[in-house]
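Thanks for coming, everyone. Please take a moment with the sequence and the structure before I go on.

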Amino acid sequence: MPLRVHDTTIRAAFDDYQRQRVNIAGEAISYDPDAPTAAAEWVKHNLSRIRDSLPNGYCGRPPQQDCPHPNACLTCPDFQTTPEFPGTHRRQATVNLRLITRAEANGQTRLAANLRQVQDNLERIIPALEAIPPGQEPGDGQS
């Protein structure tokens with residue numbers, strides 16, 4: 001019986017996590033805990049977190065697919081993050097701005113353009129995460 005309670009508690013935490021996810025555009029990722037696919041999402045999430053733990057979020061790529069661009073998470077449409085990571089994103093944005101400045105000073109225009117894309121995504125992600133009150137779904141309209 002205790003195992004059942006533990007599973008229920010973990011699943012409730014998973015459902016809360018699912019409701020607070022934001023993609024690289026700062027948009028809430030939809031999730032319906034009552035959908036027929038919710039159990040599959042639960043299994044996929046557990047497999048993905050084991051395989052792809054990131055310092056600033058999670059990989060939403062299906063576990064059977066390889067990553068074509070390692071270390072390019074902030075430009076990948078499969079990247080997901082939650083309100084537990086805004087500090088990490090803020091620090092990364094600060095460092096990234098320095099890298100952009102250095103790349104531009106060195107005439108590395110392609111590198112600077114890639115870093116600007118990351119910076120643009122960070123500047124959408126950070127406010128989106130900060131706008132999610134604890135325990136609230138993104139976009140549910142409550143204040």
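Helix 4 gives the largest share of the lining of the largest pocket, 4 residues, where helices are DSSP runs of H or I with at least four residues, numbered from the N terminus. A pocket here is an open set of points on a 1 Å grid over the protein atoms alone, with protein on both sides within 12 Å along at least five of seven lines, and lining residues have an atom within 4 Å of a point. This is a predicted model, in which local features need pLDDT of at least 70 and side-chain atom pairs count only at pLDDT 80 or more, while totals for linings use all residues. Residues are numbered from 1 along each chain as its sequence is written.

The lining comprises 13 residues, and Asn71, Ala72, Cys73, Leu74 and Val118 lie nearest the pocket's centre. The elements giving two or more residues to it are helix 3 (86-105) and helix 4 (109-130).

How do these two helices pack? Their axes, lines fitted to C-alpha atoms over the stretch in contact (heavy atoms within 4.5 Å), are 9 Å apart, at an angle of about 155° on a scale from 0 to 180 degrees between N-to-C directions. Helix 3 and helix 4 are therefore roughly antiparallel, a term for angles over 145 degrees. Among the residues making the contact are Leu97 of helix 3 and Val118 of helix 4.

Conventions:
Side-chain values use heavy atoms; hydrogens and water are left out. On a 1 Å grid over the protein atoms alone, a cavity is a set of points where a 1.4 Å probe fits but cannot get out, and a pocket is an open set with protein on both sides within 12 Å along at least five of seven lines; lining residues have an atom within 4 Å of a point. Angles under 35 degrees count as roughly parallel, over 145 as roughly antiparallel, 65 to 115 as roughly perpendicular and the rest as oblique.
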